[in-house]
Each structure stands twice: as C-alpha cells, then as structure tokens.
Amino acid sequence: QVKALRAELDKAKEIAHKARSTWDKFRKERDFHRMNHRRVVQEKQKLVTDLRRLRSHLSTYEPTLKGLEEKYQVAMKEKAMARLQADRLTGRVETLENQLKQTMVAAGKTGETLEGEASADASKTG
C-alpha cells in the first residue's frame, strides 16, 4: 500500500511539474507578447511625435511657399508682358525700316548712300 501511495505521489509530482512547466511557458509567452506590444506602442508614440513635429514644421513653410508662388506668378506675368512689348517694338522697328527703305528708293538713294550720309552727319555733330 505504501508503494502504491508513493507511485501515486510520484504521478502527482510529475503532473504538478508538467503543470508548472506549462504555466511557466505560458508566462514567458505572455511576457514576450507584452514586451513586444510595449515596444510597438513606444514606436507608435515616437512616430506620432515626429509626425506632429513635421506638421508644425511644414506649417511654418506654407506662408513662405505661398509668397514665393505669388512672386513667381508676378515674374512670369512681367516676363510675358516684356516679351509682348519686345515683339511689338521689333515689329515697329521693322515697319519703320521698311518705310525708310521705300522712302529711300522713292528718293533714288541706296542704302550705301544712306550710310555715308549717316557717317557724315555724325562727323558734323561730333
């Protein structure tokens, strides 16, 4: 009867040992997942903080960007207007040159005579 009780005690110890090892395994797994969760939460907080910092940093640049965009638009308008004016003046110069040539041809003078007269006029005034 003592042997039977000892055998039963050994079985109970073995079952208790298995239960304890299973419990330890579950505890380790729980701790692993808990630490992993804490790490993920910490990384999330860091990312949220970085995102807030970058958004505030961006908001400081938005007025500058708007101002530069307006300056760019004004410069492009001025450039287009200057180009139109230059084209207009070039057309006017060509028209005046054609009128001058027609006048010279009608007067019976050539461009060479005109250049000679221009240099003579320059020497008189100079």
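Modeller: Let us start with a definition: a salt bridge is a side-chain nitrogen of Lys or Arg within 4 Å of a carboxyl oxygen of Asp or Glu. The structure holds 5 salt bridges. This is a predicted model, where local features need pLDDT of at least 70, side-chain atom pairs count only at pLDDT 80 or more, and totals for chains, interfaces and linings use all residues. Residues are numbered from 1 along each chain as its sequence is written, and side-chain values use heavy atoms, with hydrogens and water left out.

Colleague: What makes Glu14 and Lys18 a salt bridge?

Modeller: Their closest N and O atoms are 3.8 Å apart. The cut-off is 4 Å, so the pair counts. Glu14 and Lys18 are 4 residues apart in helix H1, so about one helical turn separates them. In general, an α-helix has 3.6 residues a turn, so residues three or four places apart point the same way.

Colleague: Which other pairs meet in a salt bridge?

Modeller: Asp31 and Arg30 do, at 3.0 Å from N to O. Asp50 and Lys46 do too, at 3.2 Å. Asp50 and Lys46 are also 4 residues apart in helix H1, about one helical turn.

Colleague: Why is Lys46 called exposed?

Modeller: Buried means under 20% relative accessible area, exposed over 50%, and partly exposed in between (1.4 Å probe, protein chains only). Lys46 has 54%, so it counts as exposed. Asp50 has 22%, so Asp50 is partly exposed. Glu14 at 47% is partly exposed. Arg30 at 43% is partly exposed, and so is Asp31 at 31%.

Colleague: How much of the protein counts as buried?

Modeller: Of its 126 residues, 1%.

Colleague: How do you know what counts as a helix?

Modeller: Helices (H or I, at least four residues) and strands (E, at least two) are DSSP runs, numbered from the N terminus. The protein has 2 helices and 0 strands.

Colleague: What is the span of H1 set against?

Modeller: The expected span is 1.5 Å times one less than the number of residues. H1 has 106 residues, and 158 Å is expected. H1 reaches 150 Å from first C-alpha to last, close to that value.

Colleague: Where does H1 bend?

Modeller: At Tyr61, by about 30°. The bend is the angle between axes fitted to the seven residues ending there and the seven starting there. Pro63 follows within four residues.
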